[in-house]
Amino acid sequence: MATYVPSRPGDQVGGGGDVPRPPNGGGDDGRYPDSNLPNYGARLRRARLGLICAIATVSMVFVSLTSAYIVRRGLPTFDESSRTYFRDWGSVQLPWLLLTINTALLLISSLTIEKARRNITRSAALAPVRSIPGISLDEERSFPWLGVTILLGFGFLIGQWMAWGELKGRGFFVNTNPNSSFIYLLTAAHAVHLAGGVVAMLWAGATSLLHRPVEGRRIAVDVTAWYWHFMAVLWLYIFALLAFVH
Amino acid sequence: MATSVTAHAHAGPQGFIRKYIFSLDHKVIGIQYFFLALTAVWVGMFLSLLMRIHLLWPGVTLPLVGDIKPETYLSLLTMHGTIMVFFVLTTAPQGGFGNYFLPIQIGAPDMAFPVLNMLSFWTTFVAFVVIIAAFFVSGGAPLHGWTGYPPLSALQSAGPGEGLGADLWITSIAIFCLASLMGALNFLTTTLDMRAKGMTMMRMPLTVWSWFITAILGLLAFGVLLSAGILLLMDRNMGTSFYVPLVVVNGQIMGHKGGSPLLWQHLFWFFGHPEVYIAILPGMGVASQILSTFSRKPIFGYKAMVYAMLAIGFFGFMVWGHHMFMSGMSPYSAFAFSLLTMCIGVPSAIKTFNWLGTMYKARIRFQTPMLYAIGFVSLFVSGGLSGPFLAQPVLDIQLHDTYFVVGHFHLIMGVAAIFGMFAATYYWVPKMFGRMMNETWGRIHFFITLAGTYAIFMPMHYLGIAGGTRRYSQYTEVAYLQKLMPLHQFMTYAAIITIAAQFIFVINLFWSIFRGPKASDNPWESTTLEWTTATPPPHDNFGGVTPVVHNGPYEYAVPGAARDFVMQTDPAAGTTH
């Protein structure tokens with residue numbers, strides 16, 4: 001009669017015998033196992049983790065576009081009339097004023113969504129206190145920072161649309177030269193991703209109108225806010241690429 | 001399950017649409033992926049059969065297909081490769097088995113984002129419909145091969161199939177990329193955040209590690225292919241010149257200039273080489289799981305297996321240039337890519353050594369899953385050994401456009417991965433559907449398929465060394481290639497027999513699902529968490545119980561234990577015999 005004690009170091013050779021085994025808080029579906037109540041902390045952590053993965057893949061998209069940009073910029077092309085090689089990268093007169101205003105709009109929107117994120121984080125933290133019988137806290141009437149951010153997001157997209165219009169007005173189309181091709185491509189790719197952020201904010205706003213629990217709304221706003229900050233940083237990167245490498 | 005924490009039990013959706021079509025349950029989604037891949041593999045196999053028949057009898061008119069012209073042959077080649085790589089080798093091991101078993105093996109009730117999981121499947125389904133549509137549009141399917149090299153792929157007038165068919169091909173790939181990215185995000189978050197209590201990373205089954213590392217590769221690689229595809233679509237439809245240089249088609253100068261086809265090759269192979277590991281890593285995980293279970297021994301060198309997979313994944317991103325030795329790259333770059341490619345041999349050899357070590361002096365149970373796992377190792381070694389040849393630039397330049405390469409990648413990436421899927425199917429169908437598959441027919445299927453696989457793909461190596469060029473639709477006009485036709489005949493007959501043998505598998509699968517003997521909860525006497533729950537698993541996987549993990553995943557032949565295996569959930573002390 002031998003007693004099997006598998007946690008003893010060296011006893012388990014089938015994988016991981018000598019590692020500690022702390023509980024890691026997983027294995028749930030975002031609910032407390034004993035009460036079946038929503039575990040918003042776990043859900044927030046999970047959503048943020050998913051966001052990090054999403055940011056990694058969006059980054060890879062722009063890393064690959066950047067490498068294509070740099071490679072294409074250095075390529076020579078053959079001129080059949082002179083029988084020589086030359087660089088066809090070409091120049092583009094960017095609407096810098098409009099792009100600078102757009103940049104300012106996006107940076108301001110990053111601040112406003114951060115305000116929205118902090119406000120709802122505070123409200124979510126107070127939610128358990130509010131639910132205690134006999135405790136009453138004044139309802140906070142905070143400024144609608146999320147709404148302002150949505151407006152600024154739409155403003156940025158409209159601004160980009162105007163910038164493309166101005167480029168066309170100056171005779172630079174998507175196929176005018178490789179430089180213009182990349183300008184349209186990079187700005188459009190960013191705009192598509194940013195539009196996704198606007199949709200996410202609209203969803204977060206809709207959950208507010210639907211009177212969803214503040215802890216749940218907080219997750220939507222939190223993840224959207226971090227994504228939005230990433231969009232702002234990504235835009236600064238594209239802006240710098242167009243300004244300096246251009 | 002000796003130790004557990006009581007939790008709530010989910011009620012599953014009852015309506016047919018919510019339960020079976022737009023289901024959020026990872027198990028249903030896994031089965032959907034599995035059957036999508038099963039459909040795709042028959043389409044891909046049928047296309048390969050047409051190619052093999054055409055190579056032997058180029059003048060024959062086939063029913064439904066008609067005459068196979070050279071461009072038709074290239075379309076078959078393109079669609080066979082694309083469907084097999086994306087909709088079979090990427091879809092079944094990760095989307096199918098990964099979706100079904102990753103949450104259960106880590107003790108989670110579902111994926112982290114069930115809605116995203118459902119979207120991922122249906123997006124893959126749309127991608128499949130779009131690529132199949134390419135057969136039926138004007139001009140037919142594209143000619144440019146699964147690698148889609150420009151300028152052929154970038155010019156609508158480059159040939160039949162390069163019009164709408166090529167647009168659909170690129171669109172399908174782009175949609176597939178989005179689906180894979182959604183899936184990868186879900187796999188990573190689930191693995192990192194939803195493991196049961198006690199399920200440390202180093203207690204995860206090697207299958208989970210393989211799906212996890214595959215998801216990392218997918219997350220980083222598919223975004224690059226998506227970007228490359230968008231640039232290609234723009235070159236084709238918006239007049240840009242990312243990939244297309246000054247080019248003349250049928251005496252007419254096209255409107256492009258200055259682009260570089262090599263830019264596409266770099267972007268494509270930055271995705272393309274990790275894709276090889278996206279296809280094969282889950283097979284490695286399954287083989288490890290099954291070899292340990294049926295050898296009744298712990299996996300040899302668990303941690304080494306984990307680190308080897310991580311190393312393979314890491315090096316997978318460093319070696320894309322070995323697909324481009326023919327492109328005239330700098331010898332210094334070629335040397336670096338060659339050296340890094342050889343480095344992959346080290347973790348691959350560690351894995352092979354450990355698989356053999358697992359089986360060494362074991363009381364092996366030679367049941368069908370085990371046969372397929374051994375077959376996987378065999379094919380991995382056979383296909384892998386030709387890798388170092390092709391990693392040498394001077395040899396690659398000689399062999400690159402020959403059947404040697406076709407034989408190499410079909411053994412290592414294609415059939416080895418498919419053997420992993422067969423192993424997984426025979427191993428997990430009892431858990432998925434609650435019925436055992438027929439063992440006799442499983443063995444017959446295995447032996448015919450293994451022999452057939454070698455009969456098809458080993459001669460390709462000799463064919464390649466003899467100068468047998470790939471991608472040619474017929475060899476009737478080339479005198480020296482005529483001498484190689486007997487080999488082609490042999491391979492075609494072998495292909496016909498091997499494909500016919502797959503009917504045994506399909507009939508066995510469907511017969512077993514509905515009529516097979518009922519499976520117990522743990523028919524293979526395995527140790528991982530999926531074997532602790534009911535067969536088939538309930539909606540929330542563990543029937544209202546949250547498993548607690550105490551042991552590593554491969555505790556077989558443990559001294560002092562009551563049986564020759566210890567479940568992962570067995571409590572830390574007290575088991576006696």
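Let me start with a definition: two strands pair if DSSP finds at least two bridges between them. Helices here are DSSP runs of H or I with at least four residues, strands are E runs of at least two, and both are numbered from the N terminus.

Before we use those, some housekeeping. This is a predicted model, so local features need pLDDT of at least 70 and side-chain atom pairs count only at pLDDT 80 or more, while totals for chains, interfaces and linings use all residues. Residues are numbered from 1 along each chain as its sequence is written, and chains are lettered from A and ligands numbered from 1 in the order in which they are written.

Let's look at chain A. Chain A has five helices and three strands, and along the sequence they follow the pattern β-α-β-β-α-α-α-α. Strands β2 (residues 76–79) and β3 (residues 84–87) of chain A run antiparallel, joined by four bridges.

Two overall figures for chain A. Of its 246 residues, 37% are buried, where buried means 20 or more other C-beta atoms within 10 Å of the residue's own, exposed means 12 or fewer, partly exposed is in between, and C-beta atoms are placed from the backbone. A contact means that two such C-beta atoms lie within 7 Å. Among contacts in chain A with a separation of 6 or more, 73% are between residues 24 or more positions apart.

On to the backbone of chain B. As a reminder, most residues other than glycine have a negative phi, and most peptide bonds are trans. Which peptide bonds are cis here? One runs from Pro150(B) to Pro151(B), with omega near 5°, and Pro151(B) lies in the loop between α5 (114–133) and α6 (164–193) of chain B. Another runs from Thr535(B) to Pro536(B), with omega near -15°; Pro536(B) lies in the loop between α17 (485–515) and β4 (545–547) of chain B.

That loop between α17 and β4 of chain B also holds Glu525(B), a non-glycine residue with a positive phi of about 55°. Glu525(B) counts as partly exposed, with 16 C-beta neighbours inside 10 Å. Arg471(B) is not a glycine either, and has a positive phi of about 75°. You'll find Arg471(B) in the loop between α15 (439–465) and α16 (479–482) of chain B, and Arg471(B) is exposed, with 12 other C-beta atoms within 10 Å.

Now a helix pair. In chain B, α11 (residues 368–385) and α14 (residues 403–433) pack at an angle of about 170°, with their axes 8 Å apart. That makes α11(B) roughly antiparallel to α14(B). The contact includes Tyr372(B), Phe376(B) and Leu379(B) from α11(B), and Leu411(B), Val415(B) and Phe419(B) from α14(B).

Finally, confidence. pLDDT is the predictor's confidence in each residue, from 0 to 100. Chain B has a mean pLDDT of 94, and 97% of its residues reach 70 or more. Where pLDDT is low, the predicted coordinates should not be read in detail. For the complex, the predictor gives an ipTM of 0.92 and a pTM of 0.93. Thanks, everyone!

Terms used:
Axes are lines fitted to C-alpha atoms, for helices over the stretch in contact, and angles run from 0 to 180 degrees between N-to-C directions. Angles under 35 degrees count as roughly parallel, over 145 as roughly antiparallel, 65 to 115 as roughly perpendicular and the rest as oblique.
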